[in-house]
Structure formats: C-alpha cells, structure tokens
Amino acid sequence: MSASEPPPRPSRPPGTFRIGEVGGVDVLVRSSWLLVAVLIAFVLGPTIETIAPGLGILTYVAGLAFAILLYLSVLLHEISHALAAKRFGYDVRSVTLNFLGGVTEIAGEPDTPGREFWIAIVGPLTSLAVGGAAWLASLVMPDGLLLFAFVALAVANGVVGVLNLLPGLPLDGGRVFRAIVWKITGNEHTGSLAAGLGGRVIALLALAFPFIARELLGWQISILDYLIAFVVAMFLWTGASQSIMAARIRRRLPALTARGLARRVVEVARDTPVARAVDEARLAGAGAIAVIGRTGVDGLVDERAVLATPEERRPWVPIGSLARSLTPQMVLPVDLSGEALIRALQAAPAPQYLVVDGDRTYGVLVTADVDRAFAATR
C-alpha cells in the first residue's frame, strides 16, 4: 500500500455507522436505533404535551432529544465495559448502540474470574451512578421539561442498573454470577452453565411478569405490555440457551490435543515419485506425507490430491507437485490443546498442519480428524 492510499475500512454489518471513538474504541450506531428513538419520541409525546402544552411539532423534537440523552447514558454503560477490558489488556473492537441498548465487542474471553467480574460489573454500576447523578440534578431543577427529563433519566438508569445485576446470562449480572461460581468451583464451564440456567429462570419470570402484575398487584396491563414481556423473555431465553450450549461445547474441548490427534508422518524429498512416497508411508504405518526442502519440511501432501492421481501416473509424478506450501501459522506445538488448539486452527484454516516437538517433527494434524474427535465427545 502506498503512502497516498487510505487505510482499509473495517467491515461492518449493513446499516452500521461509525459516529466517533472514545478511549480509542470505535463507537458505532445501528440504523435500528433511529426507529427506537422515534418510537420513544412518540410515546413520550402526550406526557411532554401535558408538561409543556403548545409546543406543536417541538413536542416530538423534545422526545427525540430525551431519546438521545438516554442512549448517551447507555453509551457510558458500554464504554465502562470497554475501558475495563482495555485496562486488563484485551483488544476492544467496538461499542455498538442498537435498538436493544448496546453491545461491547471484546476480542477473546476473560481468563480469570476476577477480570470477568470487574469487566461485567462496571456497566451496571455506571448506570446506577448516572441514575444517581440525574436524581440529584432533578432536586434543583424547576418544574417543567428539564425536571421531567432528569427524573426519567434517573428512573431509566436505575432500572437498567438493577436489571443488569440479575444473576443470569446474557445480562451483565449473569457474567458477575459466572465469575463468582467460577471462583468458588475453580471451573469456568460450571460458572457458565449456572449463569445460563439463571438466565432461563429470569426469562420465564419476565414472561410471567404481566400476569403477576395484573393478578397480584392490580396493575392495568395492555397488549403492548404482554408483547414487550414476550420480546424480552425471548431475548433472554435465546441468550441464556446459547451460553449453555457454548459452555457444554467448551467443556469438551480439553479432550482435543495436538499430541493425541497427530498422525505419524514420513518425510520425503520433493522429487520423490508419488508411488514411492505412498509405499514409504505404508511401510512406516504413517497417515501423512511431508516434503523436505533446503531448510527442512516445507510442504504437506494432501491425501485427497494423492487419491485423485491415477495409479498409472504415480510412478512419474513428483510428490512435491501435490504438496501444499507450509506457512508459519500451519506449524503447531505438540502440547497445544483445547480452546488454544481450536483458535490456532481458526486463525489459519487449512486441511492439515505440521505438529512439532521443539525442533523435531512430531506428526501431522488433519482438520478432518479434529472434527471427528470433537463429534465423538458429544
């Protein structure tokens, strides 16, 4: 790339716009946010008209201004997560505001319960702090729109802070609960399963809330209340179920090891005929063939390429012509296992990898073998 060319723009989902950055973290907005902002403006319209009659179209401008103020507090909530993660050395890709609120995209997962706890809990604490500050400000505000705005902001952030502390994934409180269970049991996956189950319980309570409010508290419940409860419950149930599934999958990953899955390999020169290389592999009981260059092994032979070569041509075709060049990302240490092994395979997708023990070739890891081994652990 020449100095005059602009840097490549990061790919983003359709309908996502960058509005700036905070603390080195990109702040993105989904177009769906505008729909919610407009909805908030129309819902608040009658209340604003009662407080300040005669505004006309400015009634909805005031409602839209409150929606923006509310989402700025959501941004503070998400930025607190981002800054805490950066404080612990994690790469934070972006903060995105959407119709459900916001999400912070952090590369990787916290590797200790303490880091998980602090990254998760700062969000709800920030919302509670914003709510408290808005309430204090409301005490000195005169009657009118400003008083209404600060009181509503205090209530909204208080609700967000409290609800996000509930002990169930995908809420922040679920991550806090996971960190606590992880710390007590010493097992991250146990914490994830417990927090996922907690999320399912909270989802059921959210679905039942309108019925409870109507029958036990005597509240007037509308169809919109039932609809909102259903949407929230589905969001929580889906997030909790995904967390449970991910925990069960990750719990099986330690059984996957490069040492245990690597095939025995024979090393041959690039100009060795395919027929001879295959014979050497059979005699050695090897399941893979590597080719040797000037500096050692520099290519791996794909089994499918060998099978696609007609028998009558194998004595004349050099094995090097069927080999895939070896890159540094395709060389894996023999002790790699679990999630680290899966991340290494995802970072450099290939049909097979060279497994080394120090400076010595140990074997070849075939991606299809990893897939079969993972399926067998279910």
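Where is the place of proline 315 in the chain? Proline 315 sits in the loop between H10 and strand E8 (323-325). The model is predicted: local features need pLDDT of at least 70, side-chain atom pairs count only at pLDDT 80 or more, and totals for chains, interfaces and linings use all residues. Residues are numbered from 1 along each chain as its sequence is written, and side-chain values use heavy atoms, with hydrogens and water left out. Helices (H or I, at least four residues) and strands (E, at least two) are DSSP runs, numbered from the N terminus.

Proline 315 has a relative accessible area of 40%, so this residue is partly exposed. Buried means under 20% relative accessible area, exposed over 50%, and partly exposed in between (1.4 Å probe, protein chains only). Not counting residues up to four places away in sequence, proline 315 touches Pro273 and Ala275. Contact means heavy atoms within 4.5 Å. Arginine 276 is 39 residues from proline 315 along the chain, and 7.1 Å separates their C-alpha atoms.

Leucine 307 belongs to helix H10. Its relative accessible area is 63%, so leucine 307 is exposed. Leucine 307 and glycine 24 are 283 residues apart in sequence, and their C-alpha atoms are 52 Å apart in space.

Two sheets are described next. Strands of a sheet pair through backbone hydrogen bonds, either parallel or antiparallel. Here two strands pair if DSSP finds at least two bridges between them.

E5 and E6 run parallel and are joined by 5 bridges. Valine 268 has valine 291 in E6 as its bridge partner.

E1 runs antiparallel to strand E2 (residues 25-30), and 6 bridges join them. Phenylalanine 17 stands opposite valine 29 in E2.

Asparagine 98 is placed in strand E3 (residues 92-98). Its relative accessibility is 17%, so asparagine 98 counts as buried. Leaving aside neighbours within four places in sequence, asparagine 98 is in contact with Arg30, Ser32, Trp33, Tyr71 and Val103.

Empty space was examined next. Rolling a probe the size of a water molecule over the atoms shows where empty space is left. On a 1 Å grid over the protein atoms alone, a cavity is a set of points where a 1.4 Å probe fits but cannot get out. A pocket is an open set with protein on both sides within 12 Å along at least five of seven lines, and lining residues have an atom within 4 Å of a point. Grid points are joined across faces, edges and corners, and a volume is the space filled by probe spheres set on the points.

The count comes to 1 cavity of 30 Å³ or more. The largest cavity holds about 40 Å³ of space. Leu70, Ser73, Val74, Ser127, Ala156, Asn157 and Val160 line this cavity. Helix H2 (58-87) and helix H4 (145-163) each supply at least two residues of the lining. By class, the lining has 4 nonpolar, 3 polar and no charged residues. Ala, Val, Leu, Ile, Met, Phe, Trp, Tyr, Cys and Pro count as nonpolar, Asp, Glu, Lys and Arg as charged, and the others, Gly among them, as polar.

The second largest pocket holds about 410 Å³ of space. Of the 21 residues that line this pocket, Arg263, Gly287, Asp302, Glu303 and Arg304 are the closest to its centre. Helix H9 (274-284), strand E6 (288-293), helix H10 (303-307) and helix H12 (367-376) each supply at least two lining residues. H10 gives the most, with 4 residues. The lining of the second largest pocket divides into 11 nonpolar, 2 polar and 8 charged residues.
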